[in-house]
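Please look over the sequence and the model shown here before reading on. The briefing that follows takes up a few local sites and one pairing of elements, grouped by topic.

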Amino acid sequence: MTLVPLSFWYMKHSIGNTFKRHKIMFIFLVLFVVGLIVLSNIANEKEKQKAQEASESGVVDEKKYDVIPEFATLDKLYDTEDGLFIGDANGKVHEMGPIIIEGVVFMIVILVVGISFATGAKSGANFFSMADVNFLFPSPHKPQSVLAFKMIAQVGMALLGSLFLLYQYPNLVGNGLFTPVAFIACFFAYVGLSIMNNVISLASYLLFYNHPKIRPMVSKIVLVIGALPILIFLFLAFVLKIGLYKSLTLVCTSIGTRLIPFIGWMKTCFTMLIQEEYLLALAFFAVSVIFCVLLLKWIFSKEVDFYEDSLDFAMVQQQTLERMKDKKKGLTNTSLRSKESIEKKSNKIRNKMISFDRAPGAKAFFKKNLGNRVRQSRLKGLLAGSFLFNLLTSGILFYTYWKVLSQMKEETERIPEQFYQVFVLVVALVFAFILYFRARTNPLQLDMNVNFIYMVPETMSSILLWSYAEYILEGLVDLLPVAVLLYLVSDFNIGLALLFFVLLLIYYVYTSLCGFALNCIFRVYIAKLMMQILSFILAGAPLFILYQLRGKMNLSKIYLFAGFTIWMLLALSIVFFIVCAKLLRRGKQ
Amino acid sequence: MSEQDFKTILSVENVTKKYKNELACDDVSFALPAGSVTVLLGPNGAGKSTIMKSIIGFLRYSGNITVAGHPNKSIEAKRVLGYMPEIPSLYPNLTVEEHMEFVARAYRLENYRPFMNELLERFELQDKTNKFGDELSKGMSQKLSLCCALLPQPKLMLMDEPMIGLDPHAIKELKVLMGEMKKNGQTLLVSTHIIDSMDRLWDHAVIMQKGHILGNVTRADLEAQGRTLEDEFFALTEGISESDMYSLTEEKEA
């Protein structure tokens, strides 16, 4: 552990310099968070005042209780003034909140640990930069010391990165979901999980690095294990029909799940923190810490030669950074891919040539991106991996819809129209979330890597249009399973399904244009976190506007709601298109 | 036994490195006498960088490499070794001076400041000590990378394409410095494909192609035969001598 003091020295200088260099950015961020906290407190005070006035005058604020009245026909769910309740087979009523919280926390912990484990096996040695490779690897220290250096630096960065959680303070504490103590406790629990993320990833790498045949299978095994709680729940609730309450408690809150090493302990620790059961939380936290310490001990006792793997990843990362430094910005999405996988993919696609016949000028970008899509496709033609993913997600959503519908049909004679509308909304929301992430890698951002984009003798609007034409085409193809799903869950209402399909497609273009504009404006690498926040705000802006107009745009007027959203997104997309074209023109100059 | 007792400071024995199915180095063996300047020559893809990375301990390989009698991945060997990479990479949020301090701390150097200042001055970086890693041009980064590699004053210095990206003044300074290092008894292994760049400095030359060693020659041997390093290189890699090559070009032109 001879490099530990150097690690602290490095953190002190690196973090200190980052603050010094980006003073304005940090001041803006602090002001933004503080402003949000103040505004949220003012808004909450007003809400409380209104609620008090309403209760004094005897008027009930119905808005708060009409969220899912139709779903109460699942008969064991009760939506009351005191919260959501669930009835079991014996007719007893239980509060839903704690079960849902524990279930959600369980899924989050599984997700974090699962992803860490899977990525660790695949690329666990990827946290060294090329500078680390050049300066530290040849230095006279054991590989374990080099590992400790980086682990400490990573933990420091995780702590710093966790500060952004404070941004959630107004939401969680201001709205009364968490007490301030519970929030602080959760903040530290999050920090702990971030640290464990690194530890688990590394442990997984050390476990599998010498087993090249097993390594590619780890992520698939993790995926199956991760999906197990959902599958078990669906099996218990819909196949064995033991009741919703029993299924939920068995999967989410049973003692068995609490004893699962680390995942169960962390889940219980988080849940107890939220429920302010601090003693129990502390006990589970202590067990998790012991586990972490033992894992670290094991990691540092292993004499593993990880330098070559780290070098491979650092080289790929370096190339990406070089591109960004040269202002040929763009997301290459290769930082986590290994050299082997890139070579494998290159060999696979090399044989399929792109023909540029009848594609002069800006149309060449359309043809190039189309050709790329075809040669990288896992199936035939335009049917790529994203299509398969949407197909799978649609399948899962349809299965859930079908099961809920059959249960409702058993219980009621007439299914209310609102049921289908809510499902259409759920599908739209799920895919909007997926599209938000998908939109971060649009073809134009890759085109920005090459200088000849500026040499094409056509207007920037034309280049932008042709590049996006292919992107829209991709979206159309990828969303085909979603279109079918929308048609099915809307009770074969083609108008409604089409409306929401168009809505999703425009949202796809809108989020991509937002991201592209932000990338053009904030080219500096350090603004990554800031950019993520801004992109999230821009992507969520239409939803915020709709929320503000919720009085006028309720579910009974769903056509109006969807139509208005399309109009709004279209208008915003056109604005962003003009902004992007201007930015590109400026780049050309 | 101290490092000075070894006449052969680096010994590479039967080193083979495979990337998947591609053989980057095949049964490579050579040795470096202490205090010599050895140039590792070869066309692109010859395996020069692979062997350099294997010596410094970055890669897994089959075979045996020892530095001053110690396995190359041991701490004892690393105390003797220094490495200047082909592509310089710096920490974006550390300044030029902080980079030097970082290396000094990593190698636990004492009283390093006079030598640090000397290096910065020689490579014209003294007025850029407060510049950050990501603010430096490629040439400046290369110079800083070189200064960082030289700071611990290693007994055996590996330099991977050290002249690339340097301005004429820095190249001149580096050559002078190499000469000084040689005088001080330090050993240099320089990988390059620009033969002229090491013209006056080299003592030994290892010529590689397609992962194999084609020749291991000394300056004395070649001079005795009246041949240049360039002659030897083309004779081994392309089967023709330099003079043949010129006459071929003249024939083509005619």
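**Surroundings of B:Thr187**

Neighbours within four places in sequence left aside, B:Thr187 is in contact (heavy atoms within 4.5 Å) with B:Ile9, B:Leu32, B:Pro33, B:Ala34, B:Gly35, B:Ser36, B:Lys155, B:Leu156 and B:Met157. The model is predicted, with local features needing pLDDT of at least 70 and side-chain atom pairs counting only at pLDDT 80 or more, whereas totals for chains, interfaces and linings use all residues. Residues are numbered from 1 along each chain as its sequence is written, chains are lettered from A and ligands numbered from 1 in the order in which they are written, and side-chain values use heavy atoms, with hydrogens and water left out.

- B:Thr187 belongs to strand 8 (residues 187-192) of chain B, where strands (E, at least two residues) and helices (H or I, at least four) are DSSP runs numbered from the N terminus.
- B:Thr187 is buried, its relative accessible area being 0%; buried means under 20%, exposed over 50% and partly exposed in between, with a 1.4 Å probe and protein chains only.
- From C-alpha to C-alpha, B:Thr187 and B:Pro154 are 8.5 Å apart in space, although 33 residues separate them in sequence.

**Chain A overall**

- Chain A has 23 helices and 3 strands, and of its 589 residues 44% count as buried.
- Among contacts in chain A with a separation of 6 or more, 72% are between residues 24 or more positions apart.

**Helix 7 and helix 12 of chain A**

- The axes (lines fitted to C-alpha atoms over the stretch in contact, with angles from 0 to 180 degrees between N-to-C directions) of helix 7 (residues 180-208) of chain A and helix 12 (residues 278-301) of chain A come within 10 Å and cross at roughly 25°.
- Helix 7 of chain A is therefore roughly parallel to helix 12 of chain A, a term for angles under 35 degrees, with over 145 roughly antiparallel, 65 to 115 roughly perpendicular and the rest oblique.
- Residues making the contact include A:Met196, A:Val199 and A:Leu206 of helix 7 of chain A, and A:Phe291, A:Leu295 and A:Trp298 of helix 12 of chain A.

**Surroundings of A:Thr257**

- A:Thr257 is placed in helix 10 (residues 255-258) of chain A and is buried, with a relative accessible area of 9%.
- The side chains of A:Thr257 and A:Lys267 make a polar contact (2.6 Å), that is, a pair of N or O atoms within 3.5 Å, where within protein one must be able to donate a hydrogen and the other to accept it, and residues adjacent in sequence count only if both atoms are side-chain atoms.
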